[in-house]
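Subject: Structure handover

Hello,

Here is the structure for your files. Please look it over before reading the notes below it.

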Amino acid sequence: MPTVERFDTKADVAEAAARGITSQLSAAIERRGEATWVIAGGTSPTDAYTVIAEKYFSEVDWSKVTFIIGDERCVPDDDPDSNWLQAHNRLLHLVAGSSSQRPPTSKPADEAADAYSALLKTKTDPSGRLEVDVAWLGLGEDGHTLSLFPGRSEIGVLDRLVIPIYDSPKPPPSRITLTLSALKNARDTTIFGVGGGKADVIATALGDEQADLPIAVTSRFIESNGGAVTWLLDDAGASKLAHR
Ligand code: 6PG
């Protein structure tokens with residue numbers, strides 16, 4: 001079962017996430033000389049990126065960290081809808097060379113997905129599994145995560161690391177996303193469950209071991225492959241949990 005940590009506010013979640021990633025990245029660097037971090041899109045993690053930049057930046061050897069974006073919208077690089085740009089403006093701009101790790105999502109989705117897959121293949125182990133030390137995931141009010149949406153087949157794609165999405169239910173429509181296969185080796189995953197709008201899907205995902213919401217399937221998948229999963233909830237996100 002995943003670990004569930006509850007906090008009063010979104011700001012408390014950001015602080016906990018920032019503190020946690022700092023020690024997880026440093027531990028990975030200590031363990032294997034480098035660290036790979038799947039960063040999250042959306043707005044849930046943005047405050048945490050800022051906290052890292054302002055409070056914890058000096059505690060990590062960022063020259064040894066590789067950033068992977070969990071999903072990205074196919075928009076121009078300077079488009080405010082870009083997930084990478086949101087992380088860049090708050091944290092990645094402080095890390096020399098990080099922009100070279102950005103997916104080419106100003107291209108059409110299929111070309112961007114192929115190019116990003118090729119880039120990620122340089123970070124796979126001999127069996128082809130992506131080395132992921134830390135992953136951050138957001139979740140939508142419909143229970144999606146990354147750009148894996150309910151009732152669609154993409155969550156079942158296990159033979160590719162990155163796939164294109166052309167008709168995302170959440171705008172913008174054209175995206176690339178990691179697949180579950182890319183998270184098969186994720187060692188420590190943090191899921192941001194903040195905001196009352198997500199309280200129902202959080203309660204379902206954590207209350208029903210058979211829940212088929214993409215975030216629930218993803219959390220179970222990571223754990224079934226030996227990874228640790230921690231849900232960070234604010235009071236609003238936790239408001240529908242059975243055992244309050
Ligand atoms: C995206 C995100 C998406 C996000 C959730 C939550 O590109 O839209 O990666 O999966 O994590 O929709 O978004 P918020 O954090 O903004 O609520």
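Predicted model: local features only at pLDDT ≥ 70, side-chain atom pairs only at ≥ 80, totals over all residues.

Ligand site

The ligand sits in the largest pocket. It is surrounded by 15 residues, and the closest are Ser 44, Asp 71, His 144, Leu 146 and Lys 198. For Lys 198, an N or O atom in the side chain is 2.5 Å from a ligand oxygen. For Leu 146, a polar backbone atom is 2.5 Å from an oxygen of the ligand. Arg 73 places a polar side-chain atom 2.8 Å from a ligand oxygen atom. On its own the ligand has 410 Å² of accessible area, of which the protein covers 92%.

Helix α3

Helix α3 spans residues 83-90, and its buried residues are Asn 83, Trp 84, Leu 85, Gln 86 and Ala 87. Their cover includes the strands β2 (35-39), β3 (65-69) and β4 (71-73), together with helix α2 (46-56). At the start of α3, the backbone nitrogen of Trp 84 has a side-chain oxygen of Ser 82 within 3.3 Å.

Glu 154

Glu 154 belongs to the loop that joins β5 (134-137) and β6 (162-165). Glu 154 counts as buried because its relative accessibility is 14%, and the cut-off for buried is under 20%. Its side chain makes a polar contact of 3.0 Å with the side chain of Arg 152. Leaving aside residues up to four places away in sequence, Glu 154 touches Leu 148, Ile 163 and Ile 165.

Regards

Methods: Residues numbered from 1 in each chain as written. Heavy atoms only, no water. Buried < 20%, exposed > 50% of the residue type's maximum accessible area, 1.4 Å probe, protein only. Helix = DSSP H or I, 4+ residues; strand = E, 2+ residues; numbered from the N terminus. Contact = heavy atoms within 4.5 Å. Polar contact = N/O pair within 3.5 Å; in protein donor to acceptor, adjacent residues only side chain to side chain. Near = heavy atom within 4 Å. Areas by Shrake-Rupley, 256 points an atom, 1.4 Å probe, with all protein chains shown as cover. 1 Å grid on protein atoms, 1.4 Å probe; cavity = no way out; pocket = protein on both sides within 12 Å on 5 of 7 lines; lining within 4 Å. Sits in = over half its atoms within 2 Å of the grid points.
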